[in-house]
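Please open the structure in your viewer and keep the selection tool at hand. The tour below moves from one selection to the next and says what is found at each stop.

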Amino acid sequence: MLAILGLLTSFLSFLYVIAPSIRKFFAGGVCRSNVQLPGKVVVITGANTGIGKETARELARRGARVYIACRDVLKGESAASEIRADTKNSQVLVRKLDLSDTKSIRAFAEGFLAEEKQLHILINNAGVMMCPYSKTADGFETHLGVNHLGTGVTTYAVHPGVVSSELVRHSFLLCLLWRIFSPFVKSAREGAQTSLHCALAEGLEPLSGKYFSDCKRAWVSPRARDNKTAERLWNVSCELLGIQWD
């Protein structure tokens, strides 16, 4: 037993010694665009923490007017205050948006349209994972209601990688693992790079609707590329939400 514990201790010590190299490897792609965004309007859902917050920070740094759309307005205001101080950009605004309630979504959209004439960048960052079983205000299972029906259709789908964020807050085991292996997972800033790449890189228009990981186009399962399945999902989603498209 002592021999096993010794080997385990030695192995963990070795891992932590080489952690910087491992972190560099797992950090993944970096957004290389130098595009500046004065006069541009951005909406980021769930930008009061984690990846969304770091995405908002970078876009604010580039001069955009950034709307932090989140359920917890107090946390949103705290994040916005920090970003304004860091970037010297006063145009970081907070608006309430609860993706588990379609009334809140419609109210947010109506309020935004009353404030702005255009929306240049939309980043649907907010999401939930491993929640205890519950339903949204509209009676949908929470993961379906928030991650799919609440978020709606995105232009690009991105995978940020394994990131240290609050997404795992509903799982004690994952929270513990995240703490233990924190030297080996991406920071929120590193996790934001693919979202930033898709929002800022020029020439991506022909790739609309594609899947990106580590700032480059990634492989997608043939089942996920099935147009008939996609059309059926769209129709079912519209039916659930009571939406009709002409």
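At the start of α4, which backbone nitrogen does a side-chain oxygen of D72 reach? Select D72 and L74 together: the side-chain oxygen of D72 comes to within 3.2 Å of the backbone nitrogen of L74, which is a polar contact (a pair of N or O atoms within 3.5 Å; within protein, one must be able to donate a hydrogen and the other to accept it, and residues adjacent in sequence count only if both atoms are side-chain atoms).

Before going on, note that this is a predicted model, in which local features need pLDDT of at least 70 and side-chain atom pairs count only at pLDDT 80 or more, while totals for chains, interfaces and linings use all residues. Residues are numbered from 1 along each chain as its sequence is written, and side-chain values use heavy atoms, with hydrogens and water left out.

**The whole chain**

Show the protein chain as a cartoon, and its secondary structure comes to 10 helices and seven strands; helices (H or I, at least four residues) and strands (E, at least two) are DSSP runs, numbered from the N terminus. Of the 246 residues in the chain, 36% are buried, where buried means under 20% relative accessible area, exposed means over 50%, and partly exposed lies in between (1.4 Å probe, protein chains only). Among the contacts (heavy atoms within 4.5 Å) with a separation of 6 or more, 69% are between residues 24 or more positions apart.

**Along helix α4**

Now select α4, which has 15 residues and reaches 20 Å from its first C-alpha to its last, close to the 21 Å expected at 1.5 Å a residue; the expected span is 1.5 Å times one less than the number of residues. Colour G76, A79, A80, I83 and T87, which are the buried residues of this helix. Looking down the axis of α4, you will find these buried residues within an arc of 100°, so they line one face of the helix; the arc is that of the directions from the helix axis to the C-beta atoms. An α-helix has 3.6 residues a turn, so residues three or four places apart point the same way. Just after α4, select K88, which takes a positive phi of about 60°.

**Salt bridges**

A search of the whole structure finds nine salt bridges, each being a side-chain nitrogen of Lys or Arg within 4 Å of a carboxyl oxygen of Asp or Glu. Select D86 and R61, whose closest N and O atoms are 3.0 Å apart in one of these bridges. D86 lies in helix α4 and R61 in helix α3, so the pair ties together parts that are 25 residues apart in sequence. D86 is partly exposed at 38% relative accessibility, and R61 is partly exposed at 41%.

Next, select E116 and R65, whose side chains meet in a salt bridge of 2.7 Å, N to O. E116 is in the loop between α5 and β4, R65 is in strand β2, and the two are 51 residues apart. E116 is buried at 10% relative accessibility, whereas R65 is partly exposed at 23%.

**The nonpolar core**

Which residues of the largest nonpolar core touch the most other members? Select V42, I44, L59, V66 and I68, which do so in a core of 22 residues; a nonpolar core is a set of buried Ala, Val, Leu, Ile, Met, Phe, Trp, Tyr and Cys residues joined through side-chain atoms within 4.5 Å. The largest share of this core, four residues, comes from α3. Centre on V66 and, leaving aside its neighbours within four places in sequence, you will find V42, I44, A56, L59, A60, Q91, V92 and L93 in contact with V66.

**Helix α9 and R62**

Finally, select α9, where seven of the eight residues are buried, so this helix is largely enclosed by the rest of the structure. Then select R62, in the loop between α3 and β2, which is buried with a relative accessible area of 10%. Not counting residues up to four places away in sequence, R62 touches several residues, including S33, P38 and L200.
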